[in-house]
Amino acid sequence: MARSSSGFVAGLTAAAVAAVCFLAYQASANAPADVSAKPRTSGSAAPSTSPSGGPQQPPRNPLALPDASGKGERVVYSLADRRVWLVDGRNKVTRTFVVMPSTVHPAPGAYSVTSRSGSVRGSDGVQIEHVVRFATAEDVAIGFSAAVDGSTPSPDPSKKTGGIRMKRADGDALWAFAVIGAKVVVVA
């Protein structure tokens, strides 16, 4: 029995890999040579409508810098997207990555980095590094950090924590970018 189920699993795995390879080939065959070029549209095309009857909005690119996130060099943190963007002085995104938010959230708005710590123990008892603090809410300091063990677990909802966790490599990049006084923009 064990021998036939392992063969069945191997067959399913091979079929899944083949399907993924086929879909990847189809996607690459249909991709434009220049992905930065805007698609051509004919002047006679009728606008599409949403189910509510209004014009249909194109889906938002989750990696795109949020609108109304300011100008100039800054860290942008989206509460809804659970994502951070590092933006240089020319408004070019130099890095973006996902984060695990804390249980206490900063209000949308502009902040400045107020303090940094190389290595400390977080309020959840986890050893963390590259702590970049920028806000306080509900008497809790809020900042970015990375767990030394590389983990990014969901915070305990019964505790008030302000640590916005990220992977260590992302924490290294944020640490180098966000010095004292650096601008942090929080968007909903």
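Q: Which way do Arg83, Trp85 and Val87 point from E2, and which way do Val84 and Leu86 point?
A: Arg83, Trp85 and Val87 point one way from E2, while Val84 and Leu86 point the other way. All of these residues are buried. Keep in mind that this is a predicted model.

Q: Why do they alternate like that?
A: In a regular strand the side chains alternate between the two faces of the sheet.

Q: How many residues of E2 are buried?
A: Strand E2 covers residues 83-87, and five of its five residues are buried, so the strand counts as mostly covered.

Q: OK, what does E2 pair with on the E1 side, and in which sense?
A: Strand E1, residues 74-78, pairs with E2 in the antiparallel sense over five bridges. To find one of the pairs, look at Val75, whose bridge partner in E2 is Leu86.

Q: What's between E1 and E2?
A: Four residues, and the two strands form a hairpin. Arg82 sits in that turn and has a positive phi of about 55 degrees.

Q: And how is E2 joined to E3?
A: Five bridges join E2 to strand E3, residues 93-98, and the two run antiparallel. Here Arg83 stands opposite Val98 in E3. E2 and E3 make a hairpin too, with five residues between the strands, and Asn91 in this hairpin takes a positive phi near 65 degrees.

Q: Zooming out a bit, what order do the strands of that sheet come in?
A: The order is E3-E2-E1-E9-E4, an open sheet of five strands with mixed pairing. E3 and strand E4 (109-112) are the edge strands, each pairing on one side only. From one strand to the next, the twist averages 20 degrees.

Q: In which sense do E1 and E9 pair?
A: In the parallel sense, over four bridges, with E9 spanning residues 183-187. Tyr77 stands opposite Val186 in E9.

Q: What about the sheet with E5 in it, what's the strand order there?
A: That open sheet has four strands in the order E5-E6-E7-E8, and its pairing is mixed. Its edge strands are E5 (115-121) and E8 (163-166), each pairing on one side only. The twist there averages 30 degrees from one strand to the next.

Q: How many bridges join E5 to E6?
A: Six, and the two strands run antiparallel, with E6 covering residues 127-137. Among these strands' residues, Ser117 has Val131 in E6 as its bridge partner.

Q: Switching topic: which strands does H2 lie across?
A: Helix H2, residues 168-177, lies across E1, E2 and E3, running at about 140 degrees to E3. H2 also lies across E5, E6, E7 (140-147) and E8, and runs at about 60 degrees to E6.

Q: Which residues of H2 are buried?
A: Asp170, Gly171, Ala173, Leu174 and Phe177. They cover an arc of only 160 degrees around the axis, which puts them on the same side of H2.

Q: What do those buried ones pack against?
A: The buried residues of H2 pack against E1, E2, E3, E6, E7 and E8.

Q: How many residues are in the largest nonpolar core, and which have the most contacts inside it?
A: It has 25 residues, and those with the most contacts inside it are Val75, Val84, Leu86, Phe134, Phe144 and Leu174. E1, E2, E6, E7, E8, H2 and E9 each supply at least two of the core's residues. There's also a second, separate core of five residues, which includes Trp85, Val87, Val185 and Val187.

Q: Back to Leu86, what does it touch?
A: Leaving out residues up to four places away in sequence, Leu86 touches Arg74, Val75, Lys92, Val93, Thr94, Arg95, Phe97, Ala173, Leu174 and Phe177.

Definitions and conventions
Residues are numbered from 1 along each chain as its sequence is written. This is a predicted model: local features need pLDDT of at least 70, side-chain atom pairs count only at pLDDT 80 or more; totals for chains, interfaces and linings use all residues. Side-chain values use heavy atoms; hydrogens and water are left out. Buried means under 20% relative accessible area, exposed over 50%, partly exposed in between (1.4 Å probe, protein chains only). Two strands pair if DSSP finds at least two bridges between them. Axes are lines fitted to C-alpha atoms, for helices over the stretch in contact, and angles run from 0 to 180 degrees between N-to-C directions. Contact means heavy atoms within 4.5 Å. The arc is that of the directions from the helix axis to the C-beta atoms. A nonpolar core is a set of buried Ala, Val, Leu, Ile, Met, Phe, Trp, Tyr and Cys residues joined through side-chain atoms within 4.5 Å.
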